[in-house]
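My entries follow in the order in which I made them.

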Amino acid sequence: MDRRTHDRYVERAMWPIGRGDRFFWIAVVVLGALVVAGLGAWVYQIKNGLWVTGLNQKVSWGFYIINCVFFIGMSYGGAMTSAILRLTNAKWRAPLTRLAEATAVAALLVGAVYPLIDMGRPDRFFNILAYAQVGSPVVWDVVAISTYMVASIVFLYLPLIPDLAITRDSLHKSKLAPIYRVLALGWKGTPGQERSLARGVGIMAILIIPLAVSVHSVLAWLFAVTARGGWHSTIFAPLFVLAAMLSGVAAVILVIAAFRKVYGLQEFITARHFRYLSYLMIALGAGYLYFMVSEYLTEGYLADQATAPLLEQIFVGTYSPAFWGFTIVGLVFPLVLAAIPGRYAIARACSASLLVIGGMWLKRFLIVVPGMAEPVMPWDWGRYAPSWVEIAITLGSAAAIPLILILFFRFFPVMSVHEMEEVEGGAPEPRGVVLMPTLAEGAGK
Amino acid sequence: MKRKILVFAAALVATLAFIVAGRGLLPGSVQLRVPNSNTISQNAPMPGHDTTPQQAPQPIVAPPGGSRVALAVTTGAKPELGYIVSATVTSPAGKAVSEATVRFYDVVDLFGQREELIGSGTTDGQGNASISYLPASGGTHQLVARFAGQGSLSASLGTTTFEAKVTAKPYVVDQPPLAGFSRAVPYAVGLLVLAVWGLIAFSLFGTARGVVATANTTRRKGETA
Amino acid sequence: MAGQLTRRQLIGTLGGVGGAALAAGFVPVAFPEAVAAEPQTKQRQWAMVIDLRKCDGCKKCTEACQTTHHLPQTFEWIKVFEMKDKTGAQYFMPRPCMQCENAPCLRVCPVAATFRESDGVVLVDQERCIGCRMCMAACPYGARYFNYTDPPVAQNPFGHPTPEFPVPQIKGTVGKCMFCVHRTADGELPACVQACGMKALYIGDLVEDVATNGDQTVRLSTFIQENDAFRYKEELGTGPRVYYIAGHGQLLDY
């Protein structure tokens with residue numbers, strides 16, 4: 001990378017900090033309004049009780065549990081993308097890791113609120129700590145999610161330290177300078193500091209993968225430990241983990257595409273990056289398809305009393321539009337779309353990601369709602385339709401993720417400068433080592 | 001480095017000890033808040049209860065002038081199989097009544113005194129009917145044999161008490177399978193969770209400490225080579 | 001860096017581990033088993049026998065239950081199912097809480113609000129319940145009911161609902177059949193047993209091996225053996241304490 005590219009990289013990475021053009025404020029107001037509407041709906045629900053939702057005695061879990069699994073799953077993709085790229089020392093990761101890690105934290109913050117929203121008595125949340133019964137999957141969830149949340153925040157913060165130092169140095173007149181100074185921990189880039197940082201980031205990159213696996217396994221066990229037909233499945237934990245990775249990588253693709261466009265990072269985040277991430281998504285999607293076939297085949301072949309009516313409803317009954325919509329439009333088609341070589345790689349990756357995200361939400365719906373609605377006693381199938389409260393909260397929480405990201409990158413560099421210097425050999429010298437052509441060679445064909 | 005590991009291990013053990021000790025100290029961790037149900041029954045009239053009095057126990061008195069039922073309890077040849085409860089039904093004239101159905105009851109206290117049906121038999125030519133009975137609990141049992149009447153014979157009953165020394169196997173609440181095992185697992189997992197938190201803390205605080213401590217030691221990176 | 005251990009490092013490590021423990025809120029509680037407030041004179045192990053030969057589906061049991069516990073119409077803690085077998089024969093099956101000995105609801109409760117009394121009855125402490133509804137997902141009998149709305153107004157002599165007398169229900173928490181322990185402690189039959197005109201419901205004690213429907217009193221073990229009683233979904237390993245005697249509402253000569 002030559003001096004000029006290097007400087008422009010730093011310039012683009014720092015560009016959003018403190019900026020506030022009209023688009024920024026429009027985005028903040030629109031997203032903020034959605035979030036406020038969602039919060040308002042939640043307050044309304046807290047005041048009135050859970051009857052304002054579409055939940056009932058038979059289907060007592062609905063949108064909130066779906067969203068909890070969905071958003072926490074999304075967060076996994078961000079963390080995993082970053083961790084895997086670091087561990088495999090992929091040279092093209094530099095402009096992506098920050099965005100991926102921030103997406104992970106934002107989605108997790110949103111997803112972790114959902115158990116609280118779902119509770120009949122949120123005022124008693126601390127009972128979970130005071131009377132924790134370790135045999136309960138809910139307690140496992142609380143432990144796993146809180147651990148994962150702290151870990152992913154640390155994982156976001158540690159690689160940020162050198163960039164905070166750059167921010168501190170370039171914004172020394174800003175009112176926020178003392179905050180940057182404290183957060184940067186006196187980073188100067190000495191070899192000792194580099195060593196400490198590399199060690200810390202290394203540990204976290206390794207740790208975050210099993211942690212994320214544990215979170216999604218535990219979320220799956222929430223369902224799999226019950227005696228319900230569609231839920232009591234040994235494959236649920238790996239299935240959830242794979243689903244999380246899949247939707248997470250899709251989310252990362254979308255986030256990267258959006259920030260690339262709006263923050264003018266086209267020069268550094270290229271079609272190549274999207275192609276690589278698409279490959280990751282395709283591999284995960286194919287794996288998911290395989291797991292799904294394995295699950296439905298073993299259940300459907302035996303067709304015992306507990307699962308057969310459920311599969312019937314899913315394949316040819318009430319839920320068949322959702323199921324086939326998810327399988328074809330939300331899984332197979334986007335994977336093919338992303339897999340075919342050729343032009344419009346970015347556009348194809350983005351539309352595929354959008355479809356995959358929608359599909360994965362549908363899949364969570366297909367796990368939670370039919371599993372609940374299936375009669376455990378000789379009564380009719382349960383019915384569930386979300387109320388406006390649930391829809392408002394869902395939309396508000398979905399808007400919260402981009403809002404958190406926009407606000408975060410108003411204060412922190414959007415691309416990792418330090419990492420770029422590291423993968424480029426650390427020398428911001430005019431040596432003519434160019435980042436992008438190297439990348440281009442890597443997967444040119 | 002060795003000392004560091006030792007200190008970390010010590011901290012881990014201390015925390016674990018704290019947690020184990022905390023089981024009894026923290027509110028509600030073991031002792032469950034269960035109000036005394038006896039106070040409910042003694043002190044407070046329960047709303048919503050039926051005001052109709054409980055069915056009064058049937059008087060265990062033989063109607064006068066009918067047949068007679070004599071009841072006796074003997075230990076059988078194999079005591080562990082239970083006691084032999086036998087009734088002899090005779091007419092007022094003292095003649096044995098055959099082909100008479102006799103129902104045997106044990107008087108129990110379940111929502112008031114009740115006669116628990118423990119078996120029935122038909123009398124033989126000597127007017128004898130017997131069952132074998134292995135009570136569920138030891139102690140004094142009051143037994144009743146009831147003859148419902150037959151032809152011109154009116155109903156009658158006989159009672160006796162006996163001291164049960166041999167009883168049926170007491171009811172045991174089954175422990176769920178793997179109960180002990182599944183109680184131990186959380187502790188192992190808890191250790192793992194603690195180790196993970198330790199690692200996270202180590203990467204955060206260790207890195208922070210390292211960055212602060214080595215801020216002024218050597219040349220800037222890039223000045224080497 | 002290596003070798004020397006600074007005070008700061010020590011505090012950091014200790015703080016990290018201790019903080020982790022606190023933050024994780026890791027207070028292990030074994031599966032909550034019986035902790036009776038006071039030993040009763042007789043240790044009962046409550047069980048129920050439901051004679052389907054007698055049940056005519058009148059739902060008097062459900063009504064009595066709702067009256068006793070001040071429940072709304074939709075709360076059928078004992079629910080009467082209309083069943084049809086392959087031959088078209090119709091019968092009715094009342095379903096109370098099975099008071100499982102290996103209760104899935106009890107195991108999944110994160111705050112041990114569901115617990116087992118020493119007499120085997122599974123109770124819910126609605127003043128602790130957080131309303132996560134995990135127990136409703138876990139119960140294979142659909143016996144649990146969540147209070148989405150405010151329960152009907154009712155007086156409670158204690159001024160607040162207790163596990164033994166959960167009246168009125170608490171909004172945002174889960175409730176279920178509790179074998180009327182507030183009545184059995186009084187020496188009264190459970191409301192449903194007392195209300196059953198067909199005398200199809202028997203409440204019994206597994207320890208004393210006796211059960212009664214208010215009229216007849218039978219030896220529990222003999223009764224369920226001789227009538228080939230079964231337990232609903234026994235294969236799930238929940239150890240239900242409710243026995244059913246198969247039948248079609250036919251007339252019995254006793």
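This is a predicted model: local features need pLDDT of at least 70, side-chain atom pairs count only at pLDDT 80 or more; totals for chains, interfaces and linings use all residues.

Entry 1, a helix in chain A. I looked up α13 of chain A, which covers residues 320-339 and so counts 20 residues. From first C-alpha to last I get 26 Å, close to the 28 Å expected at 1.5 Å a residue. I then checked the axis for bends and found one of about 30 degrees at A:F333. A proline, A:P334, follows within four residues of that position.

Next I asked which residues of α13(A) are buried. I list A:F323, A:F326, A:G330, A:L331, A:P334, A:L335 and A:A338. For their packing partners I noted three helices of chain A: α11 (271-302), α12 (308-315) and α14 (345-373).

Entry 2, a hairpin in chain B. I followed β3 (residues 101-109) into β4 (residues 113-122) of chain B; the two run antiparallel and are joined by 9 bridges. B:T101 stands opposite B:T122. The hairpin leaves 3 residues between the strands. In the turn I noted B:F111, with a positive phi of about 55 degrees.

I then looked for a partner of β4(B) in chain C and found β10(C), residues 217-219. This pairing is parallel and has 2 bridges. Here B:L117 stands opposite C:V218.

Among contacts in chain C with a separation of 6 or more, 62% come from residues 24 or more positions apart.

Definitions and conventions. Residues are numbered from 1 along each chain as its sequence is written. Chains are lettered from A and ligands numbered from 1 in the order in which they are written. The expected span of a helix is 1.5 Å times one less than its number of residues. The bend at a residue is the angle between axes fitted to the seven residues ending there and the seven starting there. A residue is buried if 20 or more other C-beta atoms lie within 10 Å of its own, exposed if 12 or fewer, and partly exposed in between; C-beta atoms are placed from the backbone. Two residues are in contact if their C-beta atoms, placed from the backbone, lie within 7 Å. Two strands pair if DSSP finds at least two bridges between them.
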